[in-house]
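Below is a chain to look at, followed by questions about the terms used to describe it. Each reply sets a value against the rule behind the term.

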Amino acid sequence: MTEPTTPDAGTPDASTRGTGGIVELLNEVERPGTWTLLIDGILQSEVDLTDPRHLEIEYMRRLGHLADLTAPAGMPIDVLHLGGGALTLARYVEATRPGSRQLAVESDETVAALVSRRLPVARPGQARPGTSEIGLLVADARAALEQLPADSFDVLVVDVFAGAQTPAHLTSVEFTVAGARVLRPSGIYAVNVGDGPPFAHARGRVAAVRSVFAHVCVLAEPAVLRGRSFGNLVVVASDRELPVSELIRRVAADPFPARLVDGAALDRFVAGRAPIVDANAKPSPTMPAEVFP
């Protein structure tokens with residue numbers, strides 16, 4: 001990945017304090033259309049405004065594959081994004097599935113305002129039916145989720161970090177049940193989990209998702225799955241059969257190949273770990289310094 005340069009110096013709000021720390025938008029010299037969102041120096045999002053179909057971050061590519069396989073190519077879908085960031089995946093869906101109805105929920109008002117002002121695509125409130133407009137709502141992810149109507153989305157993507165950690169109340173069985181409620185019967189749930197050895201948190205998160213959905217798989221790089229490094233695990237779930245074969249093919253062909261784990265292999269990964277519930281939920285582990293660029 002090309003190293004970002006200095007913040008957009010001509011804009012006074014390109015670097016400012018938000019609820020999670022110092023929020024920065026950095027522009028790449030070699031790819032002027034590419035912007036990186038950082039909070040306290042921690043990478044949150046990268047977006048290519050000239051080509052929203054380009055997904056640079058590895059786990060975001062995996063989420064892009066999932067969006068591609070949710071419905072026939074080009075068909076509009078309804079997507080809820082918990083964790084807005086720079087709206088990278090929302091822009092990807094807008095580019096690949098015109099007419100999709102999307103809502104992004106971002107808890108940090110400073111992030112939402114800065115991205116909307118400097119990288120505009122979303123407008124306040126929910127997207128209007130029949131348009132490709134992306135709605136942007138500033139709210140706590142779980143509070144917003146609990147207020148949304150049931151059976152209203154085809155895909156729910158959970159990618160929420162307060163700096164380097166996912167807040168505790170977004171990790172539990174109860175939160176997952178709330179997510180399942182807003183999905184249609186064939187809807188797909190996807191959550192980005194950050195964890196490292198011994199993966200106690202990730203195992204509990206996967207167990208929580210498995211307690212709610214009939215079909216679950218995990219996408220991650222082999223080194224992460226072998227317990228050798230901290231990284232991102234994308235947990236995918238639905239009450240319908242997942243497109244496992246095509247997901248395997250796509251993630252194996254990525255620049256940073258990943259593996260798909262399901263069935264008995266996922267049983268071994270969870271290793272009997274109890275699902276996380278609200279009563280014992282804790283934030284996800286803080287990423288070690290060496291993970292940051």
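Q: What makes the residues that line the largest cavity nonpolar, polar or charged by class?
A: In this predicted model, the lining of the largest cavity has nine nonpolar, two polar and no charged residues. The lining residues are Leu 63, Leu 66, Ala 67, Thr 70, Ile 77, Val 79, His 81, Leu 89, Val 93, Val 155 and Val 157. Ala, Val, Leu and Ile are among the residue types that count as nonpolar, while Asp, Glu, Lys and Arg count as charged and the others as polar. Therefore Thr 70 and His 81 are put in the polar class.

Q: Which elements give two or more residues to the lining of the largest cavity?
A: They are helix H1 (58-69), strand E5 (78-82), helix H2 (88-96) and strand E9 (153-158). The largest share, three residues, comes from H1. About 50 Å³ of space lies in this cavity.

Q: How many cavities of 30 Å³ or more are there?
A: The count comes to two cavities. The second largest cavity holds about 40 Å³ of space.

Q: Why does the lining of the second largest cavity have a charged residue by class?
A: Its lining residues are Leu 170, Thr 171, Phe 175, Thr 176, Tyr 189, Val 191, Arg 205, Ala 208 and Val 209. Arg counts as charged, so Arg 205 goes into that class. By class, this lining has six nonpolar, two polar and one charged residues. Helix H5 (173-182), strand E10 (183-195) and helix H6 (200-210) each supply at least two of the lining residues. H6 gives the most, with three residues.

Q: What is the space of about 170 Å³ called?
A: This space is the second largest pocket. A pocket is an open set of points, whereas from a cavity the probe cannot get out. The pocket is lined by Ala 200, His 201, Gly 204, Arg 273, Ala 274, Pro 275, Ile 276, Asn 280, Ala 281, Lys 282 and Pro 283. By class, there are six nonpolar, three polar and two charged residues in this lining.

Q: Why is strand E3 (residues 34-39) called largely enclosed by the rest of the structure?
A: Buried means under 20% relative accessible area. Six of the six residues of E3 are buried, so the strand is largely enclosed. On one side are Thr 34, Thr 36 and Leu 38, and on the other Trp 35, Leu 37 and Ile 39, so both faces are covered. In a regular strand the side chains alternate between the two faces of the sheet. For the chain, 53% of the 293 residues count as buried.

Q: How do you know which strands pair with E3?
A: Two strands pair if there are at least two bridges between them. Strand E2 (residues 21-27) and E3 have five bridges and pair in the antiparallel sense. Leu 25 stands opposite Leu 37 in this pair. E3 and strand E4 (residues 42-48) are joined by six bridges and run antiparallel. There, Ile 39 has Ile 42 in E4 as its bridge partner. The five and six bridges meet the rule of at least two, so E3 pairs with E2 and with E4.

Q: Why does Asp 40 count as partly exposed?
A: Its relative accessibility is 47%. Buried is under 20% and exposed is over 50%, so a value in between is partly exposed. Asp 151 also has 47% relative accessibility and counts as partly exposed. Asp 151 has a positive phi of about 55° and lies in the loop between helix H4 (141-147) and E9.

Q: Which peptide bond is cis?
A: The bond that joins Pro 197 and Pro 198 is cis, with omega about 10°. Most peptide bonds are trans. Pro 198 is found in the loop between E10 and H6.

Methods:
Residues numbered from 1 in each chain as written. Predicted model: local features only at pLDDT ≥ 70, side-chain atom pairs only at ≥ 80, totals over all residues. Heavy atoms only, no water. Buried < 20%, exposed > 50% of the residue type's maximum accessible area, 1.4 Å probe, protein only. Helix = DSSP H or I, 4+ residues; strand = E, 2+ residues; numbered from the N terminus. 1 Å grid on protein atoms, 1.4 Å probe; cavity = no way out; pocket = protein on both sides within 12 Å on 5 of 7 lines; lining within 4 Å. Points joined across faces, edges and corners; volume = space filled by probe spheres on them.
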